[in-house]
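Here is a short tour of one protein chain, written for reading alongside the model.

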Amino acid sequence: LTLRILSQRSKIKVPEINLQPLQPHLTLYSMEYMMLFQTICSEIDVVGKAYAGICEPSFKADKRTGLNEWWFYVTKNNPKLVEESIVFRNKIKLQPWKNYRIRINPDKKAKRFILEENAGTPAWWNAYNGAKHDRAGNNGDNYKNASLQNVLTALSGLYSLEASLLENTFDPSNDETLPMRLESRLFDKKLKYYTNYVSCTD
């Protein structure tokens, strides 16, 4: 197994490694995975801000807009994203956004968008920030953040975000092909518009 599909699109060469069985290899990390990890998470930020603008017309993103802010508006309209499960290749259950809930801070002198009590920022997003801003820090552990586990979880987060955006903005009477285009070759999730078209292949 390789991440050939994504690597071809991003023109990043991923090492050809036999990952069968997959589980023992999830801690693998490399510079190629680092580049994929950063590309995926950057795209998540782009898609998330666009989605927030659709959910809340008054939302205007700028360079200071963080994850908490756009996630608040996205999940205000689509709360099921928080606990959504996605299965990778019928083998690994992923919950990229598990327990990530945001509220508005009543203290107007502090940050406006903060975590709800007992909630947490996704571990893979914290890993991305560590790898992005201080790759060699933490005794080199930030470099290890570019693991296969984090790459797959981040990619599942991007897929769930894009699928939710398209499902909630598309008109089935004008686009009958969308359900088929939403089905993934890597991930299995419950889609809003079901189709018997099967695109999951090895």
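Let's begin at a strand pairing: Val87 has Asp188 in E5 as its bridge partner. This is a predicted model, and in it E1 and E5 pair in the antiparallel sense over two bridges. Together with E2 they make an open sheet of three strands, ordered E2-E1-E5 with antiparallel pairing. E2 and E5 (187–188) are the edge strands, each with a single partner, so one side of each has no neighbour in the sheet.

Next, the nonpolar core. The largest one holds 47 residues, and Ile44, Trp70, Trp71, Trp97, Leu161 and Phe187 touch the most other members.

For a closer look, pick Trp71: beyond its neighbours within four places in sequence, Trp71 is in contact with Leu81, Val82, Trp97, Tyr100, Ile102 and Leu161.

Finally, how do H2 and H4 meet? The axes of H2 (residues 31–55) and H4 (residues 123–133) come within 10 Å and cross at roughly 115°, in a left-handed crossing. On the H2 side the contact includes Met34, Phe37 and Ile44, while H4 brings residues including Trp124, Trp125 and Tyr128. The residues of this contact divide into nine nonpolar, two polar and two charged.

Note on methods:
Residues are numbered from 1 along each chain as its sequence is written. This is a predicted model: local features need pLDDT of at least 70, side-chain atom pairs count only at pLDDT 80 or more; totals for chains, interfaces and linings use all residues. Side-chain values use heavy atoms; hydrogens and water are left out. Axes are lines fitted to C-alpha atoms, for helices over the stretch in contact, and angles run from 0 to 180 degrees between N-to-C directions. Helices (H or I, at least four residues) and strands (E, at least two) are DSSP runs, numbered from the N terminus. A crossing is left-handed if the near helix is turned anticlockwise from the far one by less than a right angle, and right-handed if clockwise. Contact means heavy atoms within 4.5 Å. Ala, Val, Leu, Ile, Met, Phe, Trp, Tyr, Cys and Pro count as nonpolar, Asp, Glu, Lys and Arg as charged, and the others, Gly among them, as polar. A nonpolar core is a set of buried Ala, Val, Leu, Ile, Met, Phe, Trp, Tyr and Cys residues joined through side-chain atoms within 4.5 Å. Buried means under 20% relative accessible area, exposed over 50%, partly exposed in between (1.4 Å probe, protein chains only). Two strands pair if DSSP finds at least two bridges between them.
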